[in-house]
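Me: I'm new to this one. Please give me a quick tour, and start with the overall picture.

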Amino acid sequence: MTIESSLIVDVVFWIVSFVAIVSAVVVVQSKDLFKSALFLILSFFAIAALFVLLRAEFIAVVQVLIYVGAISVLIVFAILMTRDTQIANKPNKLKIPGLIIVGFILGTFFLSISGTYWVTLPENGPQNVENVFSNTTSWIGRMLLRDFVLAFEAASVLLLAAIIGALVIVRE
Amino acid sequence: MTFERVLIVAAVIFCIGLYGVITRKNAIVILMSLELMFNGVNISAVAMSRYILPASLVADTQTSSIEALQFLLTGHILSIFVITVAAAEVALGLAIIIAIYRSRENSDVTAINLLKY
């Protein structure tokens, strides 16, 4: 990979992660529920772009289809069914303890990430590894239907149970 | 764009979601923050899969056997299952919120105390 292209990758990475983090903060802090849902969609898009940068195109497409396409629509519908959405996002009494807990956990993450000696793959890895990452979809399909076929079938049963459960719960 | 930076972005998104789950009253916002936490975990799983070589490949990077190579993508598989479970979870969670809202006219988790007394 040449210097120019890696510089472009760096710039795109900073922009995308900035958008993802700022819109995540807006999701949590905004008073208006509908605004939170829209910024959640923006955050999902930015995270999908991050997946593309990590050479995970299939996961990025799945992220856009399921999170942006389905889950956000569900959340928006649920918001439309409730009232007083302009001022609905109120904090509870745990603001200071929450900040302390989250700061402690984030500090632990920083220390463990920066303190670990990671043996990472170089940017231009071995040719066979690069071949896998240039064609992830077929490899994922092969793994899902061979090594993880039990989990794959269990996921379909889980989704069926979730559909039936949601129908039973919301029925009058 | 190094491995540590991606992990730190994932950790920050996870912690923002955790803060939302801890400090917000509205059940829908709690579900949205939960989705942010799932996304942070997904980012770190995919980044691990991209940057860390599995142990079966470390010894001999020139091997091209399918059994050794396919475990490069275990993080992708993990994030696919996380997304599946998140979809099921959000469908059920929103159904429960709507059912509660119908009977109590409220989606405030601190006011839902039917089982408390």
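**Chain B at a glance**

Reply: Of the 117 residues in chain B, 58% are buried. Buried means under 20% relative accessible area, exposed over 50%, partly exposed in between (1.4 Å probe, protein chains only). This is a predicted model: local features need pLDDT of at least 70, side-chain atom pairs count only at pLDDT 80 or more, totals for chains, interfaces and linings use all residues, and side-chain values use heavy atoms, without hydrogens and water. Residues are numbered from 1 along each chain as its sequence is written, while chains are lettered from A and ligands numbered from 1 in the order in which they are written.

Me: How many helices and strands are in chain B?

Reply: Chain B has 5 helices and 0 strands. Along the sequence the pattern reads α-α-α-α-α. Helices (H or I, at least four residues) and strands (E, at least two) are DSSP runs, numbered from the N terminus.

Me: What about contacts and surface?

Reply: Take the contacts in chain B with a separation of 6 or more: 61% of them join residues 24 or more positions apart. Contact means heavy atoms within 4.5 Å. The accessible surface of chain B is about 4500 Å². Carbon and sulfur atoms own 67% of that surface. Areas use the Shrake-Rupley method with a 1.4 Å probe; for residues, only the protein chains shown count as cover.

**Residues in H5 of chain B**

Me: Pick a residue there. Is B:Ile77 buried or exposed?

Reply: B:Ile77 is buried, because its relative accessible area is 1%. B:Ile77 sits in helix H5 (residues 74–104) of chain B.

Me: What is B:Ile77 in contact with?

Reply: Chain A residues: A:Ile140, A:Met143, A:Leu144 and A:Phe148. That leaves aside neighbours within four places in sequence.

Me: Switching to chain A. At what angle do H2(A) and H3(A) pack?

Reply: About 175 degrees, with axes 9 Å apart. Axes are lines fitted to C-alpha atoms, for helices over the stretch in contact, and angles run from 0 to 180 degrees between N-to-C directions. H2(A) and H3(A) are therefore roughly antiparallel. Angles under 35 degrees count as roughly parallel, over 145 as roughly antiparallel, 65 to 115 as roughly perpendicular and the rest as oblique.

Me: Which residues meet there?

Reply: H2(A) brings residues including A:Phe34, A:Phe44 and A:Phe51. H3(A) brings others, among them A:Tyr67, A:Ile75 and A:Leu80.

Me: What about H2(A) and H2(B), parallel or antiparallel?

Reply: Roughly parallel, because of their angle. The axes of H2(A) and H2(B), residues 27–51 of chain B, cross at roughly 5 degrees and come within 11 Å. Among the residues making the contact are A:Leu40, A:Phe44 and A:Ile47 of H2(A), plus B:Met32, B:Asn39 and B:Ile43 of H2(B).

**A patch, a serine and a loop**

Me: Which residues make the nonpolar surface patch?

Reply: A:Phe34, A:Leu38, A:Val73, A:Phe77 and A:Leu80 make it, over about 470 Å². Helix H2 (33–53) and helix H3 (57–80) of chain A each give two or more residues. H3(A) gives the largest share, 3 residues. Patches are made of residues with over 30% relative accessible area and no salt bridge: like charges are joined within 9 Å, nonpolar side chains (Val, Leu, Ile, Met, Phe, Trp, Tyr) within 5 Å. A salt bridge is a side-chain nitrogen of Lys or Arg within 4 Å of a carboxyl oxygen of Asp or Glu.

Me: Is A:Leu80 buried or exposed?

Reply: Exposed, because its relative accessibility is 57%.

Me: Then A:Ser23, buried or exposed?

Reply: Buried, since A:Ser23 has a relative accessible area of 1%. A:Ser23 is in helix H1 (residues 3–29) of chain A. Not counting residues up to four places away in sequence, A:Ser23 touches A:Phe39, A:Leu42 and A:Ser43.

Me: Where is A:Arg55?

Reply: A:Arg55 is in the loop between H2 and H3 of chain A. Its phi is positive, about 60 degrees, although A:Arg55 is not a glycine. Most residues other than glycine have a negative phi. A:Arg55 counts as partly exposed, because its relative accessibility is 22%.

Me: How far apart are A:Ser134 and A:Arg55?

Reply: They are 79 residues apart in sequence, yet 7.4 Å apart in space, C-alpha to C-alpha. A:Ser134 lies in the loop between helix H5 (127–133) and helix H6 (136–146) of chain A. A:Ser134 is exposed, since its relative accessibility is 51%.
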